[in-house]
Amino acid sequence: MSKRLEGKSMIVTGGASGIGLATVERCLKEGANLVISDLASSDGAAKAQALNGQGGRCIFIPCDVSSTEQVDHLIAETVRQFGKVDAVFNNAGIGGITPAVDYADADYLRIIDINLNGVFRVARAALRQMYMQGSGSIINCASILGTLGQTGTAAYSAAKGGVVNLTRTLALEAAPKGVRVNSIGPGYIDTPLLKDLPPEMRQGLVNLHPIGRLGRDEEVANAVLFMASDEASFVTGAHLLVDGGYAAGKS
Ligand SMILES: NC(=O)c1ccc[n+]([C@@H]2O[C@H](COP(=O)([O-])OP(=O)(O)OC[C@H]3O[C@@H](n4cnc5c(N)ncnc54)[C@H](O)[C@@H]3O)[C@@H](O)[C@H]2O)c1
């Protein structure tokens with residue numbers, strides 16, 4: 001059987017850790033050339049070096065998604081090294097738990113700027129390139145908190161809800177240009193983002209998922225792989241929950 005991303009070039013933002021790194025590993029095995037993009041302070045360069053050759057080529061391009069300049073450079077540098085951009089997983093994100101009334105402007109705006117505006121900046125730059133190519137697939141990482149609210153997540157859930165609806169508008173604009181844009185909504189996934197949770201809080205999160213456990217990063221990666229591949233050629237503007245049944249309701 002041929003590999004599902006053979007010959008494709010793909011960027012994963014926030015690719016040095018968690019869901020992003022799992023997606024890099026999965027898509028490399030399917031034959032894609034991968035850009036791990038992450039903060040310059042991350043260990044993305046070492047991760048890329050370790051993975052290079054395990055399938056397609058893997059390189060690191062530093063980029064803070066809160067900088068338009070760095071985002072535009074990310075796309076240009078990918079084109080310089082790989083010739084094109086077939087898929088982008090817009091995954092970089094940060095968490096934050098604060099009651100709405102206690103939020104300082106700077107903390108609230110920082111979460112919006114990375115989790116929502118960052119997705120826009122990367123999508124805008126990628127779409128400009130993909131329109132020239134006449135093809136491409138963008139997958140935006142939202143969250144179960146793009147569909148449901150949760151106390152303490154005013155900034156995060158506002159950003160993720162924004163990502164879901166931004167995706168729909170981008171999909172409408174991009175469809176006539178041969179480009180697909182979709183979002184995914186992971187439930188709670190066992191990644192470094194959750195590493196500092198006390199055990200009772202962790203169990204509380206497990207209980208939210210009818211499947212009875214937290215998700216694994218490779219389970220999200222599989223959904224991204226599908227969206228990036230030509231198997232999803234008639235899928236655009238969709239929001240795919242990967243949430244162990246969390247949003248289905250209470251049992
Ligand atoms: N873990 C979960 O339970 C969960 C659930 C739903 C959605 N998500 C979303 O999945 C995505 C990945 O989360 P994760 O759990 O793998 O977290 P993670 O902390 O393991 O990885 C996030 C990565 O993003 C990078 N990053 C942070 N700020 C950045 C910036 N300004 N520019 C570029 N990169 C930046 C970090 O360096 C890190 O490598 C996030 O968008 C998160 O909101 C996670």
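Guide: Let us begin with Arg 202, which counts as partly exposed at 29% relative accessibility. The model under discussion is predicted.

Visitor: Why is Arg 202 called partly exposed?

Guide: Buried requires under 20% and exposed requires over 50%. Arg 202 has 29% relative accessibility, and therefore counts as partly exposed.

Visitor: What makes the pair Asp 190 and Arg 202 a salt bridge?

Guide: The closest N and O atoms of Asp 190 and Arg 202 are 2.7 Å apart. The cut-off is within 4 Å, so the pair qualifies as a salt bridge. The pair links distant parts of the chain: Asp 190 lies in the loop between strand 6 (179-186) and helix 6 (199-207), while Arg 202 lies in helix 6, 12 residues apart. Asp 190 has a relative accessible area of 39% and is therefore partly exposed.

Visitor: How do you know that Lys 47 forms a salt bridge with Asp 43?

Guide: Their closest N and O atoms are 3.0 Å apart, and the limit is within 4 Å. The pair therefore counts as a salt bridge. Lys 47, at 26% relative accessibility, is partly exposed, and Asp 43, at 39%, is partly exposed as well.

Visitor: What makes Glu 218 and Arg 216 a salt bridge, and which residues share its network?

Guide: The N to O distance is 3.3 Å, and the cut-off is within 4 Å, so the term applies. Salt bridges that share partners join Arg 213, Arg 216, Glu 218 and Glu 219 into one network. A search of the whole structure finds 11 salt bridges.

Visitor: Why is Lys 160 said to have no salt bridge?

Guide: Asp 38, the nearest side chain of opposite charge, is 13 Å away. A salt bridge must be within 4 Å, so Lys 160 has none, although Lys 160 is buried. Lys 160 lies in helix 5 (residues 154-174).

Visitor: What makes the approach of Cys 141 to Lys 160 a polar contact?

Guide: The backbone oxygen of Cys 141 lies 3.1 Å from a polar atom of the Lys 160 side chain. The distance limit is within 3.5 Å, so this pair meets it.

How values were computed
Residues are numbered from 1 along each chain as its sequence is written. This is a predicted model: local features need pLDDT of at least 70, side-chain atom pairs count only at pLDDT 80 or more; totals for chains, interfaces and linings use all residues. Side-chain values use heavy atoms; hydrogens and water are left out. Helices (H or I, at least four residues) and strands (E, at least two) are DSSP runs, numbered from the N terminus. Buried means under 20% relative accessible area, exposed over 50%, partly exposed in between (1.4 Å probe, protein chains only). Lys and Arg count as positive and Asp and Glu as negative; His and the chain ends are not counted. A polar contact is a pair of N or O atoms within 3.5 Å; within protein, one must be able to donate a hydrogen and the other to accept it, and residues adjacent in sequence count only if both atoms are side-chain atoms.
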